[in-house]
Amino acid sequence: MQSDIKRLSLILLFAPFALWIALLIILPHMGMVVLSLREKVAPRVYEFGFGNYIDFINEPIYWNTLLRTGSMSILVTFLALLIGFPIAYYIAKIAGKRSRGALFLLCLIPLWVSDLIRAFGWILLLRETGVISTFLIRIGLIDQPIEFLYNDITVVIGLVYTVILFMIVPLVSTLDGMDNAMIEAGYNLGGNGFTVLRRIIVPYAMPGIVSGCIVVFMMTAGSYLTPILLGGKNSSWFTEQIYDQFITRFNWESGAAFGFLLLAFTSVVVWIGLRLTGQTLANTVAKS
Amino acid sequence: MNTATLTDSALETAYDLECSNIHKSFGSVRAVDDVSFTIPKGSFFSILGPSGCGKTTLMRMIAGFEDPTSGDIQIKGKSVLNTPPNKRNVKMVFQHLALFPMMNVYENIAYGLRCVGTDKAEIDRKVKDVLDRIALPDVANREIHQLSGGQKQRIAIARCMVMDPDVLLLDEPLGALDLKLREAMKIELKLLQHQFNTTFIYITHDQSEALVMSDHVAIMNEGRFEQIGRPEDLYHNPQTSFVAGFVGDSNRWAGRVVAEDASGFRLETDAGLVMTSVRAVGQRISAGQNVSIFVRPEFIKARKTSTPSADGGENSLQGRVDSVLFNGANSRVLVRGPVGELIEADVVVTGGADDLRAGDDVTLEWSAAQTMCFAA
C-alpha cells in the first residue's frame with residue numbers, strides 16, 4: 001500500500017518531465033529524421049533516400065554557412081569566456097559579500113528585456129543615423145555617417161552581449177566554491193600571478209568553464225534573432241538557411257536535414273571540446 | 001675572511017624569524033598590537049590564543065598576505081616587508097590544508113618546485129625523498145580525495161618542506177581532525193619537526209597542542225603577546241592573570257589582599273575564603289588591592305576529614321564532596337567549600353573503598369606557593 005503510493009507519486013512527479021521530453025524533444029526529432037530522409041521525386045511523391053544530405057554536401061554555400069556559423073560561434077564562445085572570466089572572478093573572489101549579490105543582479109538585468117528589444121537597442125546605437133554615428137559626426141571625428149550594422153564584428157559583439165551571462169553564472173558558482181586559501185597556497189609555494197591562474201584557478205574552474213562554453217556555444221550556434229537583425233542579409237547564419245528552407249522555399253525535407261546537421265555538428269564540436277579539456281558532461285553541465 | 005662578515009653570518013644564523021613592534025589595524029580595530037619576538041633556528045614555536053586574538057593575522061603578515069601597519073619582520077636577518085608572498089622562503093600549512101584537488105599527490109608536491117624552475121630529474125628525486133621522510137612512499141600517484149585525514153596532513157607538510165623553507169607556518173592544521181587522530185598527529189608533528197630541523201611556527205587555540213609540541217609558546221590575547229616562554233614556565237609561572245586562566249585548568253576567585261609581609265600575602269575571596277600566597281619575584285601588589293586568585297586543581301590535595309592529616313600545605317579548608325567527575329587518570333572532585341562555592345581538586349580514583357564519594361566530608365589542602373594572585 002505504502003509502496004504503491006510512493007510509486008504513484010513518483011510517476012506523477014516524473015510525468016510532466018517525461019511528457020515534455022517525449023512529446024517536445026524526442027518525437028519531433030524523430031519526425032525530423034524521417035522527414036529529412038524523404039526525397040521529393042515528383043509533386044507529392046516521395047521516396048526514401050539521402051538526397052537532402054547529398055544536396056547539402058554538393059552545395060558549397062550550405063556547408064560553408066554551417067562552417068562559418070560554427071567558427072563564429074567558437075569565436076563568440078571564446079570572447080565570452082575571455083570577458084566573462086574576469087567578471088566572474090571579480091564577483092566571486094574580489095567583491096565584498098554585500099556587493100556580490102548586487103553585481104550578480106546587475107548581470108541578470110539584461111535578461112528582463114526580451115532578445116528582440118535588446119537587438120533593436122543595438123540597432124538604435126549602431127545604424128547609420130544612430131547614436132554613435134551621430135555622436136562621432138557631432139564631435140568632428142568623421143564627416144560621413146558610418147553604418148556600423150550588417151557586418152561580422154557587429155554580429156559577434158551582439159552575440160557576446162546576449163550570451164555572456166550564461167558564461168558568467170556557472171563560472172561564478174564554481175569560483176565561489178573555491179577556497180581562497182588555495183589561491184594563497186599557490187602564491188605561498190612560489191607561484192606568480194600567472195602561474196596561480198594557469199595551474200590553480202583555471203584547472204579548478206574547468207568544470208564551470210566547460211559548462212559555460214557548452215551552453216554559450218549551443219545558444220550562439222542556434223541563435224536566429226541577433227544574427228539576422230544585426231547582420232542583415234549578409235550574416236549567412238545557418239539557422240537562417242533552415243528558416244529559409246522551411247518557410248520561404250517550403251522545402252521541409254531539406255530544412256529537416258539542415259536542422260539535423262546543425263544538431264550533429266554542434267554535438268560533435270562539444271564532444272571534441274570535452275575530449276580536449278578532459279572533462280565529461282557529468283562533471284560540468286550536470287554540476288553547475 | 002674578515003671579522004665583519006663573520007659577525008654578519010653569526011647574526012644571520014641566530015634567528016630564523018624576528019618580528020619587531022608589529023602593529024596591524026583594520027580600520028579602527030587593532031588586530032595586532034605591538035608584538036615583538038624572535039625565534040631561534042630550528043625550534044618549534046607556538047602562538048596560543050583564543051579565537052579572534054589576532055594570531056592568524058600575525059601569521060598572514062609573516063607569510064606576506066597582509067602588510068603590517070608598522071613594525072618590521074626579518075627572516076634570517078633580512079627584512080621581508082617589501083618581498084611579495086611568493087618570493088618569501090616561508091611556507092604555510094593552511095587550516096584546511098588547501099591541497100590542490102585537481103592535482104595528484106606528486107603534482108601537489110612538485111608544484112612549488114616547478115614554480116622555482118627546478119629541472120625534472122631533480123623534482124622527481126626531491127618528491128620521492130620527501131615522501132620517504134613523511135613515511136608515505138607509495139602515495140605519489142594517488143588523488144587527494146583518496147587520502148585519509150592524517151595522510152592529507154602529512155602531504156600538506158611535505159608540499160611545504162620540499163621547498164626547504166626557512167620557516168614553516170602551521171595555521172591550526174589539526175582543527176579538522178577527530179580527537180584520536182589529533183593526539184597521534186601532535187606527536188607526529190613534533191617528530192617531523194625534529195627530522196626536518198626547520199623552524200615551525202604553530203598557531204592554535206588548543207593549549208594541549210601548544211604545550212605538548214612546542215619549545216616555546218607565546219600566549220596572545222587581544223592582539224598582544226601576554227607572555228612568551230617554555231611551556232612549563234607558562235604553566236607554573238604565569239605572568240598575567242590571562243595566562244594563568246588560559247593555560248591549564250584553575251580554580252579562579254576574585255578577591256583582595258588583606259595583609260602582606262615580606263614572604264607573601266594573606267588573601268580573602270569576595271565570598272570569604274581565606275588563604276595565603278607566596279610573594280613572587282617582581283610582583284607588585286599591596287594590601288587592600290583587588291586581585292584574581294588562581295589555584296590549579298592538581299595542587300589541591302583532598303582527603304577525607306576522618307583520615308589523619310599529612311603535610312598538606314599552608315592553606316586548608318573544610319568541605320563536602322558535591323560530586324565526583326570520573327575521567328580515568330584525570331578524575332576530579334567538586335567540593336562545596338565552607339562559604340558555599342565549588343572548588344575543583346584532582347583525585348586518584350582507584351576503585352577501592354578509600355575513594356571519595358559524594359557526601360563525604362573532606363579537607364582540602366594546598367601550599368601557599370601554589371596560590372597565584374594577580375592584580376585585578
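## A glycine after a helix

Just after α3(B), B:Gly117 takes a positive phi of about 80°. Helices and strands here are DSSP runs (H or I over at least four residues for helices, E over at least two for strands), numbered from the N terminus. This is a predicted model, where local features need pLDDT of at least 70, side-chain atom pairs count only at pLDDT 80 or more, and totals for chains, interfaces and linings use all residues. Residues are numbered from 1 along each chain as its sequence is written, while chains are lettered from A and ligands numbered from 1 in the order in which they are written.

Helix α3 of chain B itself runs over residues 105-115, and its buried residues are B:Val105, B:Asn108, B:Ile109, B:Ala110, B:Tyr111, B:Gly112 and B:Leu113. Buried means that 20 or more other C-beta atoms lie within 10 Å of the residue's own; 12 or fewer makes it exposed, anything in between partly exposed, and the C-beta atoms are placed from the backbone. What covers these residues? Part of the answer comes from the other chain: the cover includes α9 of chain A, together with α4 (120-133) and α5 (149-161) of chain B.

## Where the chains meet

On the chain A side, 16 residues are in contact with 17 residues of chain B. A contact means two C-beta atoms, placed from the backbone, within 7 Å. Helices α8 (180-188) and α9 (193-221) of chain A each supply at least two residues of the side that touches chain B, and α8(A) gives the most, with 6 residues.

By residue type, that side of chain A divides into 8 nonpolar, 5 polar and 3 charged. For the bookkeeping, Ala, Val, Leu, Ile, Met, Phe, Trp, Tyr, Cys and Pro count as nonpolar, Asp, Glu, Lys and Arg as charged, and the others, Gly among them, as polar.

## Chain A

Chain A has 12 helices and 2 strands. Reading from the N terminus, you get one helix, then both strands, then helices for the rest: α-β-β-α-α-α-α-α-α-α-α-α-α-α. The C-alpha trace spans about 80 × 75 × 35 Å along its principal axes. Of the 288 residues of chain A, 30% count as buried. Take the contacts in chain A with a separation of 6 or more, and 70% of them are between residues 24 or more positions apart.

The unreviewed UniProt entry annotates "transmembrane region" at residues 72-91, 103-125, 153-172, 204-225 and 256-274 of chain A. UniProt positions are given in the numbering used here, with shortened feature names, and annotations may be inferred rather than shown by experiment. Two of those stretches make a quick check: residues 72-91 are 100% helix and 0% strand, with end C-alpha atoms 28 Å apart, and residues 153-172 are also 100% helix and 0% strand, with ends 27 Å apart. The entry also places "domain: ABC transmembrane type-1" over residues 66-273 of chain A. That span is 79% helix and 0% strand, and its end C-alpha atoms lie 18 Å apart.

## Chain B overall

Chain B comes to 9 helices and 20 strands. Its C-alpha atoms fill a box of roughly 75 × 50 × 45 Å along the principal axes, and 38% of its 376 residues count as buried. An automatic or database domain assignment sets the domain bounds, dividing the chain into domain 1 (13-236) and domain 2 (298-303 + 312-367). The C-alpha centres of the two domains lie 41 Å apart.

## Two open sheets in chain B

The 6-strand sheet is open, has mixed pairing and runs β6-β7-β8-β3-β9-β10. Strands count as paired if DSSP finds at least two bridges between them. β6 (90-93) and β10 (224-229) of chain B stand at the edges with a single partner strand each, so one side of each has no neighbour in the sheet. The twist averages 20° from one strand to the next. β9 (residues 216-221) and β10(B) pair in the antiparallel sense over 5 bridges, and B:Ile219 stands opposite B:Gln227 in β10(B). Helix α2 (residues 55-63) of chain B packs on this sheet, touching β3 (44-48), β6, β7 (167-171), β8 (199-204) and β9, and its direction makes about 150° with that of β7(B). Such angles run from 0 to 180 degrees between N-to-C directions, with axes fitted to C-alpha atoms, for helices over the stretch in contact.

The other sheet has 4 strands in the order β2-β1-β4-β5, is open too, and its pairing is antiparallel. Here β2 (29-40) and β5 (78-79) of chain B are the edge strands.
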